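Work through the exercises below with the sequence and the structure at hand. Try each task before reading its solution.

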Amino acid sequence: MILKPAFKYITLLAIPLAAVTTFSSTAAAFEPEGKVECIAPSDPGGGWDFTCRSVGNVMQELDIVPANVQTINMAGAGGGVAFAHTVSKRAGDDHLLVAASTATTTRLAQGQFPGLTADQVNWIGALGADYGIIAVAADSEIDDLNELMDSLKEDPRSVKFAGGSAKGGWDHLKVLIAAQAADVENLPRIAYLSYNNGGEALTQVIGGHVDAFTGDITEAQGFMESGDLRVLAVLSEERLPGDLSDIPTAREQGIDALGPNWRGFYMPADVSEEAKTYWTDAMDTIYESEEWQSVMTQNGLMPFHMTAGEFEEFVLNQINDIEQLSKDIGLIQ
């Protein structure tokens, strides 16, 4: 049986573009003063780091923040260190944003943040979807996705994968989703090596220490442009636009596997309603701006936008879906 990822709640929403030069929130009772921090739950170079730095730059351009947005890298436990820090030490801090993604909901779904749940933070918005890829070094003997899957069918341990999420995390899940769609058996035996971020995982693959990379397109573009990385498949419904259109999808190779990874933010609990409204309004303004649409185009992000209660409902539903998916492929009981 081919497992199709249970992402029935994901809708790619196309929002009309508008040039935005200044920001005005309906929450006039709150405006940030001084330093705004953005925690990237990884070392520099990964997708969360990209989210903090790129969104921070656009916030400055649109006058959403009074000064620079300081990115703080806080790696560990697949985002768990940052989540625990936010819950236990930053409650009420209305000048803190934390980068999140499908990797975050995956870890929550699998109970990998002990004692912590999604309702202990405020989910304020998503600003695009980053699709998963499976890639190899440019000089790899593996020619395409089916050849890689054939090797796994013969021996699930024959190909070692590197990713920027913890074992059982979203990068790991993407390989298992594709492998099950290709009728590979003994999925738990597939070798997956966890690194602190996608950049570190890519370095291992490019250096010939690991056979294949599983991650997101935004993490890999630098190595693709340098000619060091060859992408076997993107886990999207259709080919990506622009310069990325030459990358084949898994679907067109006969493997019905999808791996969308939204990019967004949560912030601490116990902040005022005015602060929450300010930051959710900010997410809307960022997404609709030409500045952010340009960032999306340049980095392979696809349309995806939710804020406020709609986004929180989506997160909770996605956690339920991933929990069931993880059970189906034997990652959790």
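**Exercise 1.** Find which residue of strand 3 stands opposite E37, and which residue of strand 2 does.

*Solution.* Bear in mind that the model is predicted.
Step 1: In strand 3 (residues 96-101), the residue opposite E37 is L96.
Step 2: Strand 3 pairs with strand 1 in the parallel sense, over three bridges.
Step 3: In strand 2, Q70 is the residue opposite E37.
Step 4: Strand 2 (residues 69-73) also runs parallel to strand 1, and five bridges join these two.

**Exercise 2.** Determine the handedness of the β-α-β unit made by strand 1, helix 1 and strand 2.

*Solution.* Step 1: The helix of this unit, helix 1, covers residues 47-61.
Step 1: The unit is right-handed.

**Exercise 3.** Locate the disulfide and state which parts it ties together.

*Solution.* Step 1: The structure holds one disulfide.
Step 1: C38 and C52 form this link, with sulfur atoms 2.1 Å apart.
Step 2: C38 is in strand 1 and C52 in helix 1, so the pair ties together parts 14 residues apart in sequence.
Step 3: The angle about the S-S bond is -75°, and the link is left-handed.
Step 4: Both C38 and C52 are buried.

Technical notes:
Residues numbered from 1 in each chain as written. Predicted model: local features only at pLDDT ≥ 70, side-chain atom pairs only at ≥ 80, totals over all residues. Heavy atoms only, no water. Pairing = 2+ DSSP bridges. Helix = DSSP H or I, 4+ residues; strand = E, 2+ residues; numbered from the N terminus. Right-handed = clockwise from strand over helix to strand, strands pointing away. Disulfide = S-S within 2.5 Å. Buried < 20%, exposed > 50% of the residue type's maximum accessible area, 1.4 Å probe, protein only.
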